[in-house]
Amino acid sequence: MTAAVGNPTPLRDAAAKVTGRALYAGDYSFPALLHVKFLRSPHAHAEIRGLDIAAARQAPGVRAIAVGRDLPVTFGILPIRPDETAMAVDKVRYIGEIVAAVAAETAEAAAAAARLIRVEYRPLRAFLEPAAALAPCPPEERIHAASRHPSNLHKEARLRFGDPEAALAGSPLRVAAHFRFAGVTHAFTEPHATVAVWNADDTLTVISATQVPHYLHRTLAKVLGLPLHRIQVKKPALGGGFGGKSDPFPHELITAYLALRTHRPVKCVFTREEVFLNNRGRHPTEMDLALGCDRDGKLTGLFADIVIDGGAYSSFGVVTTYYNGVLMQGPYRIEPFGFRARRVYTNKPPCGAMRGHGAVNPRYAVEVALDMLAQEAGLDPCELRERNVLPADTLTVGQLRITSNGVRECLRAVRARSGWDARHGKLPYGRGLGVACGFFISGSALPILWNRYPQTVVHVKLDFDGRVVVFSGAADIGQGSDTILALVAAEILGLPLERVQVESADTRLTPVDLGSYSSRVTFMAGNACRSAAEKLRQAIAAAVAAEKGVAAAAIVFRDGQLVTADGQRLASWDEAVEIALAGRGAFVESGHYTSPKMGGDFKGAGAGLSPAYSFGAVVSEVAVDPVTGRVRVVKVWGAHDCGRALNPLAVEGQMQGSIHMGLGQALSEELVYQEGRIVNASFADYHIPTAVDTPEMDVTIVESRDREGPFGAKEAGEGPIHPVLPAIGNAIFDAVGVRLFELPMTPARVLAKLREQERRRG
Amino acid sequence: MAEAAYVVAGSLEEALALAETHSGHYAFAAGGTDLQLRRQQELEAAPLIIDLSGIGDLGGVRAGRHRLEIGALTTLAELATSAAVRRWCPMIAEAAASIGTPVLRMTATAGGNLLVANRCTWYNQSAAWRGAAGTCLRNSGDTCLVTGGCGQCYSRAVSDLAPALIALQARVVLRDAHATREAALEDLYLADGLHPQAQPGKDAILTALRLAHRPERWCYRKLRRRDSVDYTSLTVAGARDADGGVRVCIGGVSMSPILVSAGPGDANLPALTAEARRKCKTVDNDLLPLSYRRNMIDVFLEELWRELGENGHERRTGRVP
């Protein structure tokens with residue numbers, strides 16, 4: 001029996017990527033290619049008084065120069081606040097913002113010419129910290145003068161269910177703490193790159209390293225003033241995104257504009273420093289959190305006051321602001337519940353969406369607070385969590401609809417596999433275990449743009465050659481979505497995987513998928529693909545049934561054959577193809593997916609809504625050196641409920657990748673700024689854990705079989721990260737008795753806590 | 001990155017002749033791992049690169065009964081795995097193995113590491129970054145961005161081989177177009193962040209390292225955020241002779257490697273620590289916080305003192321076989 005779904009399957013592009021044959025955006029070349037380099041702002045906040053490109057224009061090899069006024073149309077990933085322009089128009093808002101661009105015959109000539117551009121700036125007051133940015137200031141000082149707020153506040157989100165302050169005041173047990181999180185960035189392998197070609201038929205092709213070809217397509221049309229039907233966006237092989245390639249970006253628009261203007265192909269490849277300047281990473285965050293429980297450990301309420309530092313532009317910020325609050329309402333029953341979350345503009349590179357979007361920092365706070373409550377209540381931290389986890393098929397306090405829920409199984413798995421009961425609280429000084437849980441959306445139920453189209457469409461094509469081609473706009477960014485679509489189609493049609501080919505992320509060929517963000521692709525495109533493949537199967541079955549005189553419903557597709565229920569062979573796949581195509585030719589069947597209507601009837605009810613949620617738990621073991629403060633993570637046990645693992649190899653990979661990324665934010669990664677300049681904009685100085693810093697991992701897949709997911713599947717790309725950080729923080733407490741409220745938990749911070757502990761103990 | 005002519009020297013004599021001809025307008029490249037980073041950040045813009053890597057007789061480890069010679073082009077990977085080096089004193093191999101990454105160690109050389117450029121958080125940045133920050137003393141300015149002062153540059157000496165080899169009393173062989181001479185390794189360095197290397201001198205090449213001294217015990221420790229890739233934030237290497245004499249060398253926290261030593265009978269931890277504190281001009285020019293790095297100098301010296309004692313034994317310390 002063919003079993004595509006559930007088989008550990010190497011990703012389709014893996015061999016090409018590891019042997020150097022995969023073509024990334026930066027690998028594309030065309031005759032007469034021009035190269036673009038940028039002039040970037042040296043000021044955090046300044047008015048542009050003058051811009052002189054005369055000398056640059058005369059420089060050798062220069063073919064075109066673009067400045068802000070050439071592309072003044074504003075854009076942004078969220079239609080609610082399009083506050084970006086391709087280049088700074090009247091003022092610059094962060095160090096590194098693009099002011100001008102040069103297209104020249106070589107990259108070196110473009111860079112040399114960019115240096116000849118003279119800009120006269122009038123420095124303005126720079127807002128570098130959220131506290132300063134929150135203070136009222138006159139409009140002319142504000143980063144965005146058009147803001148409705150009297151300060152540099154970008155967005156304030158508040159939700160309340162019941163009276164959490166009163167409940168906490170009356171709670172038998174209550175903990176409160178102030179948490180601080182440094183900004184971190186995605187640090188993917190492949191730098192941003194874009195190649196734009198103006199075609200002979202007056203259409204524009206943009207090949208770009210993007211997670212969101214569809215939104216890039218729309219933004220190109222808006223900013224360049226071209227009709228949608230004359231723009232093609234293609235996403236080639238992509239070397240990691242993690243949210244850092246999920247906005248339409250200035251460099252993509254500028255590169256396309258220069259191709260349009262010169263009628264020559266134009267290419268842009270970022271340096272690593274430029275990738276850091278582009279940022280869109282996780283927001284630096286300050287958070288006050290209070291959480292209470294009764295003597296039995298039942299949670300009595302939660303209130304959080306959160307400030308996130310958005311940088312100079314809004315990006316996904318409105319969503320991030322809400323997610324910081326709403327994604328604390330699981331995986332536990334917490335009622336009453338309330339938060340205020342504020343995002344401020346500062347004169348730093350913009351923050352945006354990053355793996356685990358908006359929920360990673362608050363998850364740390366909640367899980368550390370739970371650990372503190374367990375200690376106060378005299379309960380085992382696993383036990384306290386078990387007493388509060390949400391069941392399946394329920395609504396959270398804010399009416400998020402939970403369907404399948406394997407959080408309890410996840411918690412039990414890591415508890416058993418780590419030897420928790422025998423070891424937690426019992427290891428020698430310096431060694432410790434910590435636990436945490438998490439949950440995450442399996443695709444945002446609400447699209448970014450409100451329109452009547454489905455959230456994803458998949459075509460499945462069958463022609464005389466017997467191959468099945470899946471056409472999907474979904475962007476495989478290394479997470480393996482092409483492989484998932486092939487597995488789904490192969491499973492439905494009973495075909496060996498090699499019969500199914502996937503064409504994806506080319507807006508001229510493939511139907512719309514909204515993109516690879518919010519962990520939506522397996523769930524949504526998977527469902528659409530399943531639906532399209534089922535239609536094709538029905539069509540083939542009907543034709544073969546008529547030819548063979550059997551009931552269509554009785555035909556089974558398996559192992560590349562069509563057989564009856566009792567195993568009698570009716571036709572090989574190729575024979576069935578000929579029968580089905582006779583007199584009509586090729587099939588193209590279509591499937592689509594749109595999230596069901598859900599959610600409450602209040603402002604902000606849509607935030608965090610998803611057709612399904614993944615759940616997870618992590619136990620980590622650490623060794624803390626009390627002399628240097630250094631923390632070594634010895635081992636991590638992770639369990640994740642992804643509904644069903646369509647490709648267990650990819651799910652394990654996502655879990656391991658999440659552990660590694662979480663470890664980085666927990667212990668060593670942070671964007672360090674000095675007066676608005678990123679100090680560590682390189683992989684030498686931005687400390688991603690290396691192979692030798694990475695612990696042994698033990699991952700367990702829990703399958704709760706979601707009723708709405710394709711074959712029961714939910715997400716696995718982001719949810720596994722959330723419990724990782726607090727499990728490390730809680731393990732440090734078990735090891736040496738200090739609570740870390742500031743990330744990353746550097747040796748200096750751990751040591752400072754240990755010294756403070758010594759002083760307290762006298 | 002500035003354009004540069006690139007010449008692979010076929011012999012030491014050819015390299016030295018080229019250097020003399022282009023004096024002041026070239027850069028030597030051995031492994032090039034440090035040079036390329038600096039070229040990329042436009043900290044190095046010499047119009048000529050003289051590649052030494054093809055000079056056959058500058059590589060390899062030669063072990064005699066009472067002496068060990070290490071060719072300057074010996075790669076760090078070779079040093080880390082050489083049986084002769086380990087037999088002489090495993091600290092050299094430990095130090096080499098702690099540098100960079102496995103891939104970098106296959107290219108980077110012993111001589112290159114000893115002459116690695118000093119580093120500073122405010123200097124080792126792209127041209128655009130430095131332009132936005134304002135010029136520093138080392139970048140044709142008149143004020144230090146770290147201290148606000150205008151006299152002294154405190155860039156950090158970051159060679160990890162240097163502390164180990166200085167503790168082991170290594171000497172270097174220096175050759176120019178006219179002569180060959182030998183010097184104590186510590187004399188290679190100056191406590192001057194702008195000009196941290198007194199030697200090998202104008203248009204000369206460091207060709208080899210010579211060791212004639214084997215301590216009884218040794219200890220090597222390195223502070224950094226990760227266990228790979230990172231430049232050192234603090235390196236402490238120590239060697240103790242049978243007669244009780246101790247040589248400790250500290251890297252990564254001052255403009256040059258800092259040697260603190262005590263003769264037989266004089267060695268004690270408080271004195272060593274006091275001397276180290278006095279000599280190390282540590283400022284806030286690394287990603288690890290200043291107070292923490294200063295604190296760790298004391299901690300590492302304390303550990304080193306313990307490990308150099310009779311009973312000390314740990315992975316990064318040991319008795320010379």
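In what sense do β4(B) and strand β5 (residues 68–71) of chain B pair, and over how many bridges? The pairing is antiparallel and extends over 3 bridges; two strands count as paired if DSSP finds at least two bridges between them. Helices (H or I, at least four residues) and strands (E, at least two) are DSSP runs, numbered from the N terminus. The model is predicted: local features need pLDDT of at least 70, side-chain atom pairs count only at pLDDT 80 or more, and totals for chains, interfaces and linings use all residues. Residues are numbered from 1 along each chain as its sequence is written, and chains are lettered from A and ligands numbered from 1 in the order in which they are written.

Within the pairing of β4(B) with β5(B), Val61(B) has Ile70(B) of β5(B) as its bridge partner. Both strands belong to an open sheet of 5 strands in chain B, ordered β4-β5-β8-β6-β7 with antiparallel pairing. Its edge strands, each of which pairs on one side only, are β4 (61–63) and β7 (180–184) of chain B. From one strand to the next, the twist averages 20°. Helix α1(B) lies across β6 (171–175) and β8 (205–211) of chain B and runs at about 130° to β8(B). Axes are lines fitted to C-alpha atoms, for helices over the stretch in contact, and angles run from 0 to 180 degrees between N-to-C directions.

Chain B is divided into domain 1 (1–56) and domain 2 (59–114 + 156–319), with bounds that come from an automatic or database domain assignment. The centres of these two domains of chain B, taken over C-alpha atoms, are separated by 25 Å. In their contact, 15 residues of domain 1 of chain B meet 16 residues of domain 2 of chain B; two residues are in contact if their C-beta atoms, placed from the backbone, lie within 7 Å. On the side of domain 1 of chain B that touches domain 2 of chain B, α1 (12–21) and α2 (33–40) of chain B each supply at least two residues. Of the elements on that side, α1(B) gives the most, with 6 residues. By class, that side has 9 nonpolar, 4 polar and 2 charged residues, where Ala, Val, Leu, Ile, Met, Phe, Trp, Tyr, Cys and Pro count as nonpolar, Asp, Glu, Lys and Arg as charged, and the others, Gly among them, as polar.

Between the chains, 18 residues of chain B are in contact with 21 residues of chain A. On the side of chain B that touches chain A, at least two residues each come from α8 (127–133) and α11 (290–308) of chain B. The most are given by α8(B), with 5 residues. That side of chain B comprises 11 nonpolar, 4 polar and 3 charged residues.

Chain A is divided into domain 1 (17–124 + 189–240 + 245–278), domain 2 (285–446 + 600–761) and domain 3 (447–593). The C-alpha centres of domain 1 and domain 3 of chain A lie 37 Å apart, and their contact takes 18 residues from domain 1 and 16 residues from domain 3. The elements of chain A that give two or more residues to the side of domain 1 that touches domain 3 are α6 (213–224) and β11 (231–234). Here α6(A) gives the most, with 4 residues. The residues of that side of domain 1 of chain A divide into 8 nonpolar, 8 polar and 2 charged.

An open sheet of 3 strands in chain A has the order β4-β2-β6 with antiparallel pairing. Its edge strands are β4 (91–92) and β6 (118–123) of chain A. Strand β2 (residues 46–52) of chain A is joined to β4(A) by 2 bridges, and Glu47(A) has Lys91(A) in β4(A) as its bridge partner.

Two helix pairs of chain A were also examined. The axes of α14 (residues 481–493) and α15 (residues 521–548) of chain A come within 9 Å and cross at roughly 30°. That makes α14(A) roughly parallel to α15(A), a class that covers angles under 35 degrees, with over 145 counted as roughly antiparallel, 65 to 115 as roughly perpendicular and the rest as oblique. The residues of this contact divide into 11 nonpolar, 3 polar and 3 charged. For α17 (residues 648–667) and α18 (residues 724–736) of chain A, the axes come within 8 Å and cross at roughly 55°; α17(A) and α18(A) are therefore oblique to each other.
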